[in-house]
Amino acid sequence: MSSKAILSLPRRSALLGALLLAGCGFAPVYAPTGGGSKLQGKIAFALGEDRFDYRLREQLERRLGRTELEAYRLAVITEVTESPVAIASDNTATRINLPATAHYTLSDAAGGTIAQGTVQTFTSYSATGTSIATRSTKQAAEDRLAAMVADLVVARILAEAGHITE
């Protein structure tokens with residue numbers, strides 16, 4: 001086989017792959033006609049008032065844009081708990097899990113549901129050291145958790161966004 005034939009094989013595979021994706025209805029989310037561009041800057045966020053919900057709102061705004069036009073509403077109800085997973089010999093927790101559950105509903109201006117569901121994830125932090133160090137690691141873990149929840153919610157919403165008609 002010549003070197004030209006070897007080099008053209010990946011090109012043929014890429015072209016065939018692109019044709020197959022086009023045939024199945026695949027479209028980039030952030031293309032001008034994609035669902036992501038239909039939502040960018042058009043969602044009003046309805047979340048709780050605690051520190052975690054504030055961080056989650058920040059992460060959602062980073063991914064979906066600050067509200068410029070309230071064409072849609074994203075309501076998110078979160079539950080974050082603490083679960084000790086490592087206990088020292090003096091019966092103190094040295095590692096703590098933070099599992100999170102978020103129930104979300106994306107609705108249009110008329111109140112019709114576009115997407116809804118539940119996502120779950122977790123992170124953990126170390127509770128060793130001073131109380132200030134433990135508090136700092138807990139807040140960093142909550143920030144990571146907010147980013148992970150936002151990623152999961154946005155991925156699900158964008159998967160449904162292709163069905164939105166403007």
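Predicted model: local features only at pLDDT ≥ 70, side-chain atom pairs only at ≥ 80, totals over all residues.
Started with a side-chain pair: T101 and Q120 are joined by a polar contact of 3.4 Å.

**T101**

I looked up where T101 sits, and it belongs to strand β4. Buried or exposed? T101 comes out buried, because its relative accessible area is 18% and the cut-off for buried is under 20%. Next I listed what T101 touches beyond four places in sequence: I77, T78 and E79, along with T118, V119 and Q120. I also checked T78 by C-alpha distance. T101 and T78 lie 23 residues apart in sequence, and their C-alpha atoms are 5.7 Å apart.

**Overall layout**

I stepped back to the whole protein and found four helices and five strands. Their order along the sequence reads α-α-β-α-β-β-β-β-α. The protein has 166 residues, and 33% of them count as buried. For contacts between residues at least 6 apart in sequence, I noted that 60% join residues at least 24 apart.

**Who pairs with β4?**

Which strand pairs with β4 over nine bridges? That is β2, residues 72–80, and the pairing is antiparallel. For a landmark in this pair I took A75, whose bridge partner in β4 is T105.

Then β3, residues 83–87, against β4, residues 93–108: this pair is antiparallel too, with four bridges. Two landmarks here are S83, which stands opposite N97 in β4, and P84, whose bridge partner in β4 is I96.

How many bridges join β4 to β5? I get 13, and these strands also run antiparallel.

The hairpin of β3 and β4 has five residues between its strands. I stopped at N91, which is found in the loop between β3 and β4. N91 has a positive phi of about 70°, although it is not a glycine. I also checked its accessibility: N91 is exposed, because its relative accessible area is 65% and exposed starts over 50%.

The hairpin of β4 and β5 has four residues between the strands, and there G111 takes a positive phi near 95°. In the loop between β4 and β5 I also looked at A110. With a relative accessible area of 78%, A110 is exposed. I checked A110 against Y72 as well: they are 38 residues apart along the chain, with 8.9 Å between their C-alpha atoms.

**S124**

Moved on to S124, in strand β5, residues 113–126. Its relative accessibility is 15%, so S124 counts as buried. What is the polar partner of the S124 side chain? It is the side chain of R95, at 3.0 Å. Not counting residues up to four places away in sequence, S124 touches R95, I96, N97 and L98, plus A141 and R144.

**A46**

I also looked at A46, in strand β1, residues 43–46. At 21% relative accessible area, A46 is partly exposed, because buried would need a value under 20%. Leaving out residues up to four places away in sequence, A46 touches R73, L74, A75 and V76. I also compared A46 with I77: 31 residues separate them along the chain, and the C-alpha atoms are 8.6 Å apart.

**α3 against α4**

Last stop, the helices. Two packed helices are described by the angle and the distance between their axes. For α3, residues 51–64, and α4, residues 131–161, the axes come within 8 Å and cross at roughly 45°. That angle is why I write α3 and α4 down as oblique to each other. The crossing of α3 and α4 is right-handed. On the α3 side, the contact is made by R51, F52, R55, L56, Q59, L60, R63 and L64. On the α4 side, the contacting residues include Q139, E142, D143, L145, A146, A147, V149 and A150, and also D151, V153, V154 and L158.

Methods. Residues numbered from 1 in each chain as written. Heavy atoms only, no water. Pairing = 2+ DSSP bridges. Buried < 20%, exposed > 50% of the residue type's maximum accessible area, 1.4 Å probe, protein only. Contact = heavy atoms within 4.5 Å. Polar contact = N/O pair within 3.5 Å; in protein donor to acceptor, adjacent residues only side chain to side chain. Axes fitted to C-alpha atoms, helices over the stretch in contact; angles between N-to-C directions. Parallel < 35°, antiparallel > 145°, perpendicular 65-115°, else oblique. Left-handed = near helix turned anticlockwise from the far one by under 90°.
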